[in-house]
Amino acid sequence: MARRGGGKGRGGKGNTWGSGDAFNRKAKDKGFAARSVFKLEELDKRFKLLRPGDRVLDLGACPGSWSQYALRRVGRGGLLVSVDLQPISVSLPGAVVLQEDVFALEPEALAEHTEGRAPPFDAVISDMAPATTGVPFRDHVASVELCDRALGLASRMLVPGGVFVCKVFQGEDEPELRNRIRARFSTLKSLKPKGTRSRSVEIFLVGLGYSGEPRD
Ligand SMILES: C[S@@+](CC[C@H](N)C(=O)[O-])C[C@H]1O[C@@H](n2cnc3c(N)ncnc32)[C@H](O)[C@@H]1O
């Protein structure tokens, strides 16, 4: 299901990422849908991920704060495609908003929805998280699967030199995931942004300088 722009109001059910702390208040004051925005802001400031005119694919975009931030950064000359299983109700003027499972997402369909403007993308950013089960290893594995799907899509749709971000719940499969990113990008970085809760197991992996699928 695709639509352009998005409506007004706050995001979908189950996406209030904590409440009552300084990050939540600050996000709300600045008109962002979630505190997660400060994580992307920190990643962007640190690694210079987004530029005016960029085409950005935001995976796991609901309730929409990363998309709101990305839209501001890429400006009118850029393009944002936001994808989530859940409906995104925050206003994203000019963006292409898709309610879809990333495992069903295909580059050809994106080309259709964007009227041929993308792919390719300059940036593929994923803040996707699985529905947690309370079993840390299971949640870790599901998170790595989402990262691998995001990486697979990025590998098919990024421009040479493009950037990639994914959020992973840390665990024993993380080193292999890092290797898979490292094999496709000139540089791999990681960051636990300040906006991340101290007890959280999440970390962001960043691939800079997409260099193509590795040769066997
Ligand atoms: C932490 S939230 C994203 C917050 C968002 N970056 C923001 O700033 O508002 C994680 C999102 O990943 C989405 N997600 C998880 N699995 C997905 C899948 N298979 N396809 C698409 N979205 C998925 C969830 O629906 C959820 O909205």
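Reply: A residue is buried if 20 or more other C-beta atoms lie within 10 Å of its own, with C-beta atoms placed from the backbone. The model here is predicted.

Me: Which residues of α2 are buried?

Reply: In general, an α-helix has 3.6 residues a turn, so residues three or four places apart point the same way. In this model, the buried residues of α2 are V37, F38, K39, L40, L43 and D44.

Me: What covers the buried residues of α2?

Reply: The cover includes the helices α1 (22-29) and α3, together with the strands β6 (158-169), β7 (185-191) and β8 (202-210).

Me: What follows α2?

Reply: Most residues other than glycine have a negative phi, and most peptide bonds are trans. After α2 comes K48, with a positive phi near 50°. K48 is not a glycine, and its place is the loop between α2 (37-47) and β2 (55-59).

Me: What is the phi of E115?

Reply: For E115, phi is positive, at about 55°, although E115 is not a glycine. E115 lies in the loop between α4 and β5. Because E115 has 8 C-beta neighbours inside 10 Å, E115 counts as exposed.

Me: How do I read the packing of α5 and α6?

Reply: Two packed helices are described by the angle between their axes and the distance between the axes. Here α5 (residues 136-157) and α6 (residues 174-182) pack at an angle of about 5°, and their axes are 11 Å apart. Angles under 35 degrees count as roughly parallel, so α5 is roughly parallel to α6.

Me: Which residues make the contact between α5 and α6?

Reply: From α5 come V144, C147, D148 and L151, and from α6 come L177, R180 and I181. Sorted by class, this contact has five nonpolar residues, two charged residues and no polar ones.

Me: How many residues surround the ligand, and which are the closest?

Reply: The ligand is surrounded by 24 residues, and the closest are S36, G60, C62, S65 and D127. Helix α3 (65-74) and strand β3 (79-84) each supply at least two residues of this shell. The shell has 15 nonpolar, six polar and three charged residues.

Me: How many helices and strands are in the protein?

Reply: There are six helices and eight strands. Read from the N terminus, their order is β-α-α-β-α-β-β-α-β-α-β-α-β-β. The radius of gyration is 16 Å, close to the 17 Å that the globule rule gives for 216 residues, so the protein is as compact as a globular protein of that length.

Me: What box do the C-alpha atoms fill?

Reply: Along the principal axes, the box is roughly 50 × 40 × 30 Å.

Me: What share of the residues counts as buried?

Reply: Of the 216 residues, 42% count as buried. As for contacts between residues at least 6 apart in sequence, 66% join residues at least 24 apart.

Key
Residues numbered from 1 in each chain as written. Predicted model: local features only at pLDDT ≥ 70, side-chain atom pairs only at ≥ 80, totals over all residues. Axes fitted to C-alpha atoms, helices over the stretch in contact; angles between N-to-C directions. Helix = DSSP H or I, 4+ residues; strand = E, 2+ residues; numbered from the N terminus. Parallel < 35°, antiparallel > 145°, perpendicular 65-115°, else oblique. Contact = placed C-beta atoms within 7 Å. Nonpolar A, V, L, I, M, F, W, Y, C, P; charged D, E, K, R; others polar. Rg over C-alpha atoms; globule rule 2.2 N^0.38 Å. Buried ≥ 20, exposed ≤ 12 C-beta atoms within 10 Å, placed from the backbone. Near = placed C-beta within 6 Å.
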